[in-house]
Amino acid sequence: MAASGKLSTFRLPPLPSIREIIKLFRLQAAKQLSQNFLLDLRLTDKIVRKAGNLTDAYVYEVGPGPGGITRSILNASVAELLVVEKDTRFIPGLQMLSDAAPGKLRIVHGDVLTFKVEKAFPESLKRPWEDDPPNVHIIGNLPFSVSTPLIIKWLESMSCRDGPFVYGRTQMTLTFQKEVAERLAATTGSKQRSRLSIMAQYLCNVRHIFTIPGRAFVPKPEVDVGVVHFTPLIHPKIEQPFKLVEKVVQNVFQFRRKYCHRGLGMLFPEAQRLESTGRLLELADVDPTLRPCQLSIPQFKSLCDVYRRMCDEDPHLFAYNFREELKQRKSEKKEKEEDEESHRL
């Protein structure tokens, strides 16, 4: 474990360029893993600068790949950098960086979706949730295929204050497809407003900091890439369990072009749908003819609070899934048709 100290003068010694590393170890981006390498160190330096002051910080980098952002983080005078990489092809190049920065770079061959970061850093880094964010940061150029499930997983961890958030309000600086970055930061009424907008913004201050053109990556993706910074809020804007908020928000946005009452109706069994949806909207004081993208977070808070009270009144309600009911009705209809067919025969 690297000790914190006066590290501001540290710079990596001369090393092969990222392009040379890729050639040396015959690395090729795996299309099926949606890998894209960022080779321009001016851009990786910019990502790291936007993460904040990393002097003496403990940093968790996800998906380091050939090590572009890794170099920029090491040059930012961190106390320790932990990288988690699933693809074994990248380990030798990262090991070269580790040798060039003794005691600073810890490499774990593993999957970011399952890695237990809550045990990775010293206990002394933990801060009360109400304090300033801890000196722990998450930074990463995420493969597109894992970026959305990973941010949802971390948002849930944030709401429970576990995982990377056992240390306190750990800040994150991550890359996403530009469209996803825009959704995460979208304001009420904008066409990019989505489930991700609500789930991120009720828990965090979310900023889409800058956009990197696709041509900066190898291979060049078909889309540009957005860099997004997340700072957890001291008080979430919706004080309900994550799974309940997620269920309400998902149902609203599954019919994003319809009025909001359409999606909210799917929270209730068909037999009581009309009555319960009307009651929910009335008690939450939400106009049923608003589109999902027009609903503000305070309105989602009202909807979640009222839905929670309705679930408390009817303990079976939260477990209700309209898709299961639909599947059952189709199955019953099929059985009935088969019975009628056998009688005709």
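Modeller: Terms first: buried means under 20% relative accessible area, exposed over 50%, and partly exposed in between (1.4 Å probe, protein chains only). This is a predicted model, where local features need pLDDT of at least 70, side-chain atom pairs count only at pLDDT 80 or more, and totals for chains, interfaces and linings use all residues. Residues are numbered from 1 along each chain as its sequence is written, and side-chain values use heavy atoms, with hydrogens and water left out.

Biologist: How many aromatic pairs does a search of the whole structure find?

Modeller: It finds 7. Rings of Phe, Tyr and Trp (its six-membered ring) pair if their centres lie within 6.5 Å; planes under 30 degrees apart are stacked, over 60 edge-to-face, the rest tilted. Tyr60 and Phe115 make a tilted pair, because their planes stand at 45°, with centres 5.8 Å apart.

Biologist: Where do Tyr60 and Phe115 lie?

Modeller: Tyr60 is in strand 2 (residues 58–62), and Phe115 is in the loop between strand 4 (105–109) and strand 5 (136–140). So the pair ties together parts 55 residues apart in sequence. Helices (H or I, at least four residues) and strands (E, at least two) are DSSP runs, numbered from the N terminus.

Biologist: Is Tyr60 buried or exposed?

Modeller: Tyr60 is buried, at 1% relative accessible area. Phe115 is partly exposed, at 23%.

Biologist: And what about Phe176 and Phe230?

Modeller: Their planes are at 70°, so that pair is edge-to-face, with ring centres 6.1 Å apart. Phe176 sits in strand 6 (residues 171–177) and Phe230 in strand 9 (residues 225–232), so the pair ties together parts 54 residues apart in sequence. Both residues are buried.

Biologist: Which residues do ring pairs link into a cluster?

Modeller: Tyr58, Phe121 and Tyr167.

Biologist: New topic. What is the order of the strands in the open sheet?

Modeller: The order is 4-3-2-5-6-9-7, which makes 7 strands with mixed pairing. Two strands pair if DSSP finds at least two bridges between them. Strand 4 and strand 7 (204–212) are at the edges with a single partner strand each, so one side of each has no neighbour in the sheet. From one strand to the next, the twist averages 20°.

Biologist: In which sense do strand 2 and strand 5 pair, parallel or antiparallel?

Modeller: Parallel, over 5 bridges. Val62 stands opposite Gly140 in strand 5.

Biologist: Which strands does helix 5 touch?

Modeller: Helix 5 (residues 144–160) packs on the sheet and touches strand 2, strand 5, strand 6, strand 7 and strand 9. Contact means heavy atoms within 4.5 Å.

Definitions and conventions
Axes are lines fitted to C-alpha atoms, for helices over the stretch in contact, and angles run from 0 to 180 degrees between N-to-C directions.
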